[in-house]
Amino acid sequence: MAKRLIPLFNRVLVEKIVPPSKTSAGILLPEKSSKLNSGKVVAVGPGIHGKDGKLLPVAVKEGDTVLLPEYGGTEVKLDHKEYYLYRDDDILGTLHD
């Protein structure tokens, strides 16, 4: 990546995961069968300051796979790739294998 975007405050930069549209055997999958709105965290901001002035860190870290809301996020294009900026509290959860 030629450009590096580091989010400010409690923002998280996410690259959405595109589900496969075909199985390894070549069977085409309908769009609704693989509609899990998830993404991989590319970069995170330092966090946001609370009322007492202490820094509240972001709950996710780079490399995490996260569950995203159906709507929202700010689209950002860097080097012909699409990324989305979300607030830390907009992310619904993390996904684990």
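**Entry 1: the elements.** I began by counting secondary structure and found eight strands and zero helices in the chain. Read from the N terminus, the elements simply go β-β-β-β-β-β-β-β. A reminder to myself: this is a predicted model.

**Entry 2: the sheet.** Next I asked in which order the strands of the open sheet run. Six strands form it, in the order E6-E7-E1-E2-E5-E8, with antiparallel pairing. I then looked at the edges, where E6 and strand E8 (93-95) stand; each has a single partner strand, so one side of each is left without a neighbour in the sheet. Neighbouring strands here are turned by 45° against each other on average, direction ignored.

**Entry 3: one pair in detail.** I picked strand E2 (residues 38-44) and strand E5 (residues 65-67), which pair in the antiparallel sense over three bridges. Within this pair I noted Gly39, which stands opposite Val66 in E5.

**Entry 4: the cores.** Which residues make up the largest nonpolar core? I listed 10 of them: Val12, Val14, Val41, Val58, Val60, Val66, Leu68, Tyr84, Tyr86 and Ile91. Strand E1 (11-16) and strand E7 (81-87) are the elements that give two or more residues to this core. There is also a second, separate core of six residues, with Leu13, Ala43, Val76 and Tyr83 among them.

**Entry 5: the chain as a whole.** Of the contacts with a separation of 6 or more, 64% are accounted for by residues 24 or more positions apart. Buried residues make up 26% of the 97 residues. The accessible surface comes to about 7200 Å², and carbon and sulfur atoms hold 56% of that.

Entry 6: Most residues other than glycine have a negative phi, so I went looking for exceptions. Phe9, in the segment before E1, has a positive phi of about 50° although it is not a glycine. Asp79 is another non-glycine residue with a positive phi, near 50°; Asp79 lies in the loop between strand E6 (74-78) and E7. Is Asp79 buried, partly exposed or exposed? At 35% relative accessibility, Asp79 counts as partly exposed, because that category covers values between 20% and 50%.

Methods
Residues numbered from 1 in each chain as written. Predicted model: local features only at pLDDT ≥ 70, side-chain atom pairs only at ≥ 80, totals over all residues. Heavy atoms only, no water. Helix = DSSP H or I, 4+ residues; strand = E, 2+ residues; numbered from the N terminus. Buried < 20%, exposed > 50% of the residue type's maximum accessible area, 1.4 Å probe, protein only. Contact = heavy atoms within 4.5 Å. Areas by Shrake-Rupley, 256 points an atom, 1.4 Å probe, with all protein chains shown as cover. Core = buried A, V, L, I, M, F, W, Y, C linked by side-chain atoms within 4.5 Å. Pairing = 2+ DSSP bridges. Axes fitted to C-alpha atoms, helices over the stretch in contact; angles between N-to-C directions.
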